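Thank you all for coming. I would like to walk through one structure this morning, going from a sheet to the ligand and then to a few backbone details.

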Amino acid sequence: MRAPEAGPGAQPDTGPAPTGLHARHRAVLPDWLTLLYERPIELTHGEGRHVWDADGNRYLDFFGGILTTMTAHALPEVAKAVAEQAGRILHTSTLYLSRPMVDLAERIAALSGIPDARVFFTTSGTEANDTALLLATVYRRSNQILAMRNSYHGRSFSAIGVTGNAGWSPTGLSPLQTLYVHGGVRTRGPYAGLSDAAYIDACVADLEDLLGQTAGVAALIAEPVQGVGGFTSPPDGLYAAFREVLDRHGILWIADEVQTGWGRTGDHFWGWQAHAGNGPPDLLTFAKGIGNGMSVGGVVARAEVMNCLGANSISTFGGSPVTMAAALANLDHLLAHDLQGNARRVGGLLIERLRAACAGLRVVREVRGRGLMIGVELVAPGTDEPSPRAAGLVVEAARERGLLIGKGGLSGSALRIAPPLSLTVEEAETGARILAEALREAERGMT
Ligand code: PLP
């Protein structure tokens, strides 16, 4: 059945996918490939903050792919840049120079805050983190890495080796020796309920304790706001406090800005800037939003660290001109329209609306976030027990009402809200209203 164009709030057709894509997908793709919905949605096109499925249903997109649609769906400047570049030359490989690659490297080097910065382009966040870990390992001649509990850094062998969440880390094996540090998320237990200052002190003491028992650690890798971990922020200044300890031991700091970069957190262009005590990180990794859907990732490091590799190293598709052209157009749009400021303003309003809407709900433990990176932690109604079931119910109930959101968190009990950064006030109000309805429905279903 083809539904008429439906706005959020209208009831999309949620019957089985008529194309049978789901069955075909199951037959040829891995079982462990994550799909958000029990009846997967086949998306056909998008515009602004909306996407449409194969049945013509329209959804307000509060997840932007997975934070990949950073500015807006089908942004005309990006589409034009891609078409023009594709018409000239699609790919050169990094054996040759292309103007878009050098232009983008210059822009990112200047924006990164890292002195004497060099940029290496990859095709994903995983590959960016892999490269950063390789650089740190070679530079410091050590394969010992510090990572945060509850972290996620990608799905390669080494990225999985620094992922502090068993749900995303299928192997205990790793080419790296990883030690996990407290601090990225206020876990239950002794750390919960502490003031910000006491929390930072406790985490620093934990770090000092770890470093007292080991020698020669290469780097700490950390997301300034944990993404897959459920959009949880440590108190501002935590990584600045860590930095003092790391600097004393000569340990590098890798800031994984795959989710937090480009103004997503509203107050800052990079997530690390909330922890800027001792300046920028030694290495910064990025991906997701910068290509607005094109595969662009990379690492920024000062020349001394970037150039420590003794062997040749290329990424065949990293820095491909067509993806670079897309990223340049996307970055221009982001800066020209102050989308970081929009994330701060509209994100602030959205958090406010969600907190007000969730006030009496027993299924909600917390609404948290910064800018347009908002997490809603769910519990079994009236308890303090994390509830992945509630998260599943809300995601489905929101979809039925024309709103797409994500989920995640250490226990799978967090809703994740990260719309394109151009979200309007009206769309924020609409989304908050639908989400509140979906939360109420889930709460009713569980009591
Ligand atoms: N780092 C962070 C913080 C991420 O959230 C992700 C993906 O979700 C990655 C790295 C891996 O990026 P990709 O999926 O592009 O390999």
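Let me say at the outset that this is a predicted model, and I will speak about it with that in mind.

I begin with the sheet, an open one in which four strands follow the order S1-S2-S3-S13 with mixed pairing. Strand S1, residues 43-47, and strand S13, residues 403-404, stand at the edges, and because each has a single partner strand, one side of each is left without a neighbour in the sheet. As a reminder, strands of a sheet pair through backbone hydrogen bonds, and they may do so in parallel or antiparallel fashion.

Both kinds of pairing can be followed from S3. On one side, strand S2, residues 50-53, runs antiparallel to strand S3, residues 58-61, and three bridges join the two. Within that pairing, His-50 stands opposite Leu-60, while Val-51 stands opposite Tyr-59. The hairpin of S2 and S3 has four residues between the strands, and in it Gly-56 takes a positive phi near 85 degrees. S3 is also joined to S13, this time by two bridges and in a parallel arrangement, and here Leu-60 has Leu-403 as its bridge partner.

Which residues cover the two faces of S3? Arg-58 and Leu-60 lie on one side, Tyr-59 and Asp-61 lie on the other, and all of them are buried.

Let me turn to the ligand. It is surrounded by 15 residues, and the closest are Ser-124, Gly-125, Thr-126, Gly-154 and Val-258. Which element gives the largest share of this shell? That is H5, which contributes three residues.

Arg-141 has a positive phi, near 50 degrees, although the residue is not a glycine. Is Arg-141 buried or exposed? Arg-141 counts as exposed, because there are 9 C-beta neighbours inside 10 Å.

A second residue of this kind is Leu-67, which is not a glycine either and yet has a positive phi of about 60 degrees. Leu-67 is placed in helix H2, residues 64-67, and Leu-67 is buried, because 25 other C-beta atoms lie within 10 Å.

Next comes helix H10, residues 321-336, whose 16 residues should span 22 Å at 1.5 Å a residue; the end C-alpha atoms are 22 Å apart, so the two values agree. H10 is mostly covered, with 13 of its 16 residues buried. After H10 comes Asp-338, which has a positive phi near 45 degrees.

I finish with Gln-177, which lies in strand S6, residues 177-181. Gln-177 counts as partly exposed, because 13 other C-beta atoms lie within 10 Å. If we leave aside the neighbours within four places in sequence, Gln-177 is in contact with Asn-143 and Gln-144. Cys-358, by contrast, stands 42 Å from Gln-177 in space, C-alpha to C-alpha, with the two 181 residues apart in sequence.

That is where I will stop, and I am glad to go back to any of these places with the structure on the screen.

Terms used. Residues numbered from 1 in each chain as written. Predicted model: local features only at pLDDT ≥ 70, side-chain atom pairs only at ≥ 80, totals over all residues. Buried ≥ 20, exposed ≤ 12 C-beta atoms within 10 Å, placed from the backbone. Expected span 1.5 Å × (residues − 1). Near = placed C-beta within 6 Å. Pairing = 2+ DSSP bridges. Contact = placed C-beta atoms within 7 Å.
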